[in-house]
Amino acid sequence: MAIKKPAAKTPAAPKAQTHALPSYLDHQHLGPWGVYLQQVDRVTPYLGHLARWVETLKRPKRALIVDVPIEMDNGTIAHFEGYRVQHNVSRGPGKGGVRFHQDVTLSEVMALAAWMSVKNAAVNVPYGGAKGGIRVDPRNLSQGELERMTRRYTSEIGIIIGPNKDIPAPDVNTNEKVMAWMMDTYSMNTGATATGVVTGKPIDMGGSLGRREATGRGVFTVAVEAAGQIGLGIEGARVAVQGFGNVGGIAGKLFAEAGSLVVAVEDHTGGICNDKGLNVPKLLEHVAKTGGVAGFKGGEALPLGELWGYKCDILIPAALEGQLTKANAGKVKAKMVIEGANGPTTPEADDILGDKGILVVPDVIANAGGVTVSYFEWVQDFSSFFWSEDEINQRLVKIMKDAFATVWQTAQQHKVSLRTATFIVACTRILHARELRGLYP
Ligand SMILES: NC(=O)C1=CN([C@@H]2O[C@H](COP(=O)(O)OP(=O)(O)OC[C@H]3O[C@@H](n4cnc5c(N)ncnc54)[C@H](OP(=O)(O)O)[C@@H]3O)[C@@H](O)[C@H]2O)C=CC1
Ligand SMILES: O=C(O)CCC(=O)C(=O)O
């Protein structure tokens, strides 16, 4: 598909009557929030009369910074900084994961919350966008310390979360166990069991079948649809993956099951490659046992950073933001990039990939499978009636395919990238809801 960069001849958006943005919100901001703002600028000319409301997208609705003090096992007191940001709630309660990572910042969480608004609207689940995080390297905590930190964080953000207000879920370095502690802490503090306050819970306490695999399954489903559009067969396709956790690991497994060759994988411990295809189930076992892909015997070591230029058809960044930049996008040999991670590609890299004719399927549609099944979990919790895994997967695949078809058609209509097309579909829905709700309480 010919992808046009934002054209000068597209209609100018009406100017909003707004004071200059404070520095932490403006475009000069480097990092994920600055990237998000540039993405909003690219969609604005396509929003028609709704462009009047576009400033709504450029600032979070609500942002909470919390101090999380805990007693460490050695008796000292440690303080961690935590965040919960609700970017937009025009279409429903806030929804989005919680990340534990040493590099988490407020502006990163703002961007991740904003991408949740766009993603939730792109797949048309009835949520706004939110995200949370704690600036901590959880690998340095014992299980007891991790539990105490999670529970204190949940109590601190308890003033803005709730089943009808904002519903956290897993993200990087958080899992079912962390969700169980969050649900239990919120329930104890409010005096009633509230299964619907978080999703991604263990199955035995209101979790949904299929949630753990849902993001990877969504990545795979969207990749199959996109491959069909460019005449690429999935069987025999060469796949390279950065990040082999929940998203990258499951997506890699599904590609391998479909007959693709997973030829290269990288995580923070190193890279591994095998032109005949890595044995993905064995690699997953190795990662579970050792904590990373390095040292896997079924392939050769690949130096960190070489994954981007590795010969493959499908490249899946599934780790963190800002991985594909103007420094390495030129090296990419893949036919498609499917964004499993949130925000892995900078706008400059997007343009370089577009100019090379590489199709980029953006995060805000490609990794929406997780939140889609989180929505199913929330619905099941409210009705206390649980669905079979087949039913969940069928509904997930239908939503992902329909959403991708709408985005593809929008990209064709406006001759824009799939990212701008997804933003057109999603931001139109968000701002239409904003317009219908009006401004005054
Ligand atoms: N979980 C979910 O449902 C969803 C997650 N996402 C997004 O997908 C991405 C991955 O999340 P998830 O799989 O849940 O997280 P996990 O914590 O399960 O896995 C993260 C993976 O990324 C690797 N990684 C981290 N930093 C780097 C780096 N600098 N270079 C190479 N690899 C790195 C980690 O390796 P190591 O363990 O060695 O550090 C690990 O393999 C994130 O962007 C997240 O926001 C999006 C939608 C839903
Ligand atoms: O399942 C959810 O609610 C959100 C998952 C998430 O954080 C994401 O899609 O980035």
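**Exercises on a predicted model**

Domain 1 (58-193) and domain 2 (213-361) each give at least three residues to the shell around ligand 1; the domain bounds come from an automatic or database assignment. The model is predicted: local features need pLDDT of at least 70, side-chain atom pairs count only at pLDDT 80 or more, and totals for chains, interfaces and linings use all residues. Residues are numbered from 1 along each chain as its sequence is written, while chains are lettered from A and ligands numbered from 1 in the order in which they are written.

**Exercise 1.** Describe the surroundings of ligand 1.

*Solution.* 
- Start with the count: 25 residues surround ligand 1 (C-beta, placed from the backbone, within 6 Å).
- Next, the closest: G243, G245, D267, A341 and G370.
- Then the elements: α6 (246-257) and β7 (261-267) each give two or more residues. The largest share, 3 residues, is from α6.

**Exercise 2.** Examine helix α4.

*Solution.* 
- Helix α4 covers residues 176-190, 15 residues in total. Helices are DSSP runs of H or I, at least four residues; strands are runs of E, at least two.
- From first C-alpha to last, α4 reaches 21 Å. That is close to the 21 Å expected at 1.5 Å a residue, counting one less than its number of residues.
- Its buried residues include V178, M182 and Y186 (20 or more other C-beta atoms within 10 Å).
- Their cover includes α3 (143-157) and β5 (166-170), through contacts (C-beta atoms within 7 Å).
- Just after α4, G191 takes a positive phi of about 80°.

**Exercise 3.** Summarise the protein chain.

*Solution.* 
- The chain has 12 helices and 12 strands.
- Buried residues make up 53% of its 441 residues.
- Its C-alpha trace spans about 60 × 55 × 45 Å along the principal axes.

Note on methods
A residue is buried if 20 or more other C-beta atoms lie within 10 Å of its own, exposed if 12 or fewer, and partly exposed in between; C-beta atoms are placed from the backbone. Two residues are in contact if their C-beta atoms, placed from the backbone, lie within 7 Å.
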